[in-house]
Amino acid sequence: MSNVDVVIFRKDNCVKCKMTKRVLEGYGVQPKLAELYDENGAVTDKAQALMDKYVIKSAPIVVVKDENGAILDVWSDFQIDKIKALVA
């Protein structure tokens, strides 16, 4: 894992969101956090675009980008195998 950015689109009181963040941090990855919902309770435009493109229905949404901002991987839910592959 070199020069990647990890963004977690999260929501309040989401156990899987917290678990994903905690496990990534345990492997030395400092993810950026983004909200799934805006202050009015609507899904943010960025989150909605990801949900539509990747047919995502659950939180968190995890986006891995290279140093140029190109998306390398996207997944949803708590996926330990994806995390382990990312840090391998």
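Strand β1 (residues 5–10) is mostly covered, with five of its six residues buried, where buried means under 20% relative accessible area with a 1.4 Å probe and protein chains only. The model is predicted, so that local features need pLDDT of at least 70 and side-chain atom pairs count only at pLDDT 80 or more, while totals for chains, interfaces and linings use all residues. Residues are numbered from 1 along each chain as its sequence is written, and side-chain values use heavy atoms, leaving out hydrogens and water.

Strands here are DSSP runs (E) of at least two residues, and helices are runs (H or I) of at least four, numbered from the N terminus.

| Partner of β1 | Sense | Bridges |
|---|---|---|
| β3 (residues 61–65) | antiparallel | five bridges |
| β2 (residues 32–35) | parallel | four bridges |

Ile8 has Val62 as its bridge partner in β3, and Val7 has Lys32 in β2.

Helix α1 (residues 15–26) packs with helix α3 (residues 80–87) at an angle of about 25 degrees, their axes lying 11 Å apart. Therefore α1 is roughly parallel to α3, a term for angles under 35 degrees. The axes are lines fitted to C-alpha atoms over the stretch in contact, and angles run from 0 to 180 degrees between N-to-C directions.

In this contact (heavy atoms within 4.5 Å), Thr20, Val23 and Leu24 of α1 meet Ile80, Ile83 and Leu86 of α3. The residues of the contact comprise five nonpolar, one polar and no charged.

Notes
Parallel < 35°, antiparallel > 145°, perpendicular 65-115°, else oblique. Nonpolar A, V, L, I, M, F, W, Y, C, P; charged D, E, K, R; others polar. Buried < 20%, exposed > 50% of the residue type's maximum accessible area, 1.4 Å probe, protein only. Pairing = 2+ DSSP bridges.
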